[in-house]
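This report is meant for a reader who is meeting the structure for the first time.

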Amino acid sequence: NFSQVTEFILLGLSDTRDLQVLLFTFFLLAYVMVLLGNLLIIVTVRTESKLSSPMYFLLCNLSFIDICYTSVTSPRMLVDLLLQRKAIAFEDCIAQLFFLHFAGASEMFLLTVMAYDRYTAICKPLRYRAIMSRQVCWVLVSACWAGGFVHSIVQTLLTIQLPFCGPNTIDNYFCDVPSVIRLACTDIYVTEWLMASNSGLISLACFLVLVISYTFILVTIRVRFTEGHWKALSTCGSHVTVVTLFFVPCMFIYLQPFSTFPSNKHICMIYTVFSPVMNPLIYTLRNNEVKASMWKLWKRCR
């Protein structure tokens with residue numbers, strides 16, 4: 001694409017040495033929590049026969065996606081916090097952009113499927129096993145990954161066709177579409193709106209489906225409230241927390257023209273760092289079945 005830029009310089013979160021050390025410690029702990037927490041969920045669900053329902057199958061896949069998603073940005077960010085010059089090769093930057101959107105969009109679709117699973121369990125309990133069979137769950141999870149791949153391919157192709165021949169400084173701690181295409185030495189008006197309609201509308205559509213699902217759930221619980229519905233409502237409350245942390249910042253960033261707004265790197269921290277950290281905490285601390293299974297696994301391994 002006639003680009004002359006061979007590398008990008010990431011400005012990161014701060015250029016103060018003491019603050020960089022503090023941030024390195026914090027993000028290292030956050031990354032370790034994501035890895036250990038989600039791996040623990042995966043091992044627990046896979047080894048405990050009581051956790052064989054579709055909800056836990058989808059939770060296991062969410063944990064795997066979270067590991068992939070946070071591993072796209074966190075290791076590179078941790079290394080850069082220890083370096084004075086934070087350079088990333090053009091090819092590595094595009095690869096990071098691709099895998100970030102691949103895992104991110106897949107997680108959006110999976111969260112939507114998890115909302116549909118809760119809607120089916122609460123609003124159609126007698127048909128739940130038939131509707132959410134294991135085969136259907138595999139098809140839905142595969143569709144999530146396929147949708148994430150298609151979305152990411154579109155974003156990547158729209159990016160690499162742009163010429164980069166001037167500035168190469170990215171005011172962020174990772175390569176993302178808004179930060180990268182601002183550096184293109186051509187008019188990006190059409191490209192940025194195509195990207196915004198891709199990422200932004202996907203975020204908005206998934207979020208609206210989630211809101212509709214939870215609305216039906218709340219209406220159903222209000223009509224026939226039982227102890228079982230209270231448990232389901234508690235699970236949905238956890239899900240809503242994750243959805244809010246993940247979708248709202250994404251919609252804020254991707255539903256606006258990229259070139260007219262400054263860098264949103266501090267907002268990006270919400271869905272690249274804090275949301276993956278919160279997932280294992282919310283789904284374990286607020287779920288008695290998962291906590292009991294983890295305790296049983298711990299006693300078995302001692």
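Of the 302 residues of the protein, 52% count as buried. The model is a predicted one, and the values that follow should be read with that in mind. The accessible surface of the protein comes to about 14,500 Å², and 70% of this surface belongs to carbon and sulfur atoms.

In overall dimensions, the C-alpha atoms fill a box of roughly 60 × 45 × 30 Å when taken along the principal axes. The radius of gyration is 21 Å, which agrees with the value near 19 Å that a compact globule of 302 residues would have. Among contacts between residues at least 6 apart in sequence, 82% join residues that are at least 24 apart.

The secondary structure comes to 10 helices and three strands, and along the sequence these elements follow the pattern β-α-α-β-α-α-α-β-α-α-α-α-α. The unreviewed UniProt entry carries the annotation "transmembrane region" for residues 20-43, 55-74, 94-116, 136-154, 201-221, 233-255 and 267-285. Over residues 20-43 the chain is 100% helix and 0% strand, with the end C-alpha atoms 34 Å apart; residues 55-74 are likewise 100% helix and 0% strand, and there the end C-alpha atoms lie 28 Å apart.

| Salt bridge | Distance, N to O |
|---|---|
| Arginine 85 and glutamate 7 | 2.5 Å |
| Arginine 118 and aspartate 117 | 2.9 Å |
| Aspartate 171 and lysine 265 | 2.9 Å |

In the salt bridge between arginine 85 and glutamate 7, arginine 85 lies in the loop between helix H2 (54-81) and strand E2 (87-89) while glutamate 7 lies in strand E1 (residues 7-10), so the pair ties together parts that are 78 residues apart in sequence. Arginine 85 counts as exposed, at 52% relative accessibility, whereas glutamate 7, at 25%, counts as partly exposed.

For arginine 118 and aspartate 117, whose side chains also meet in a salt bridge, both residues are buried.

The side chains of aspartate 171 and lysine 265 meet in a further salt bridge. Because aspartate 171 lies in the loop between strand E3 (169-170) and helix H6 (177-181) and lysine 265 in helix H9 (residues 265-285), this pair ties together parts that are 94 residues apart in sequence. Aspartate 171 counts as partly exposed at 34% relative accessibility, while lysine 265 is buried, with a relative accessible area of 11%.

Technical notes:
Residues are numbered from 1 along each chain as its sequence is written. This is a predicted model: local features need pLDDT of at least 70, side-chain atom pairs count only at pLDDT 80 or more; totals for chains, interfaces and linings use all residues. Side-chain values use heavy atoms; hydrogens and water are left out. UniProt positions are given in the numbering used here, feature names are shortened, and annotations may be inferred rather than shown by experiment. Helices (H or I, at least four residues) and strands (E, at least two) are DSSP runs, numbered from the N terminus. A salt bridge is a side-chain nitrogen of Lys or Arg within 4 Å of a carboxyl oxygen of Asp or Glu. Buried means under 20% relative accessible area, exposed over 50%, partly exposed in between (1.4 Å probe, protein chains only). The radius of gyration is taken over C-alpha atoms; the globule rule is 2.2 Å times the number of residues to the power 0.38. Contact means heavy atoms within 4.5 Å. Accessible areas come from the Shrake-Rupley method with a 1.4 Å probe; for residues, only the protein chains shown count as cover.
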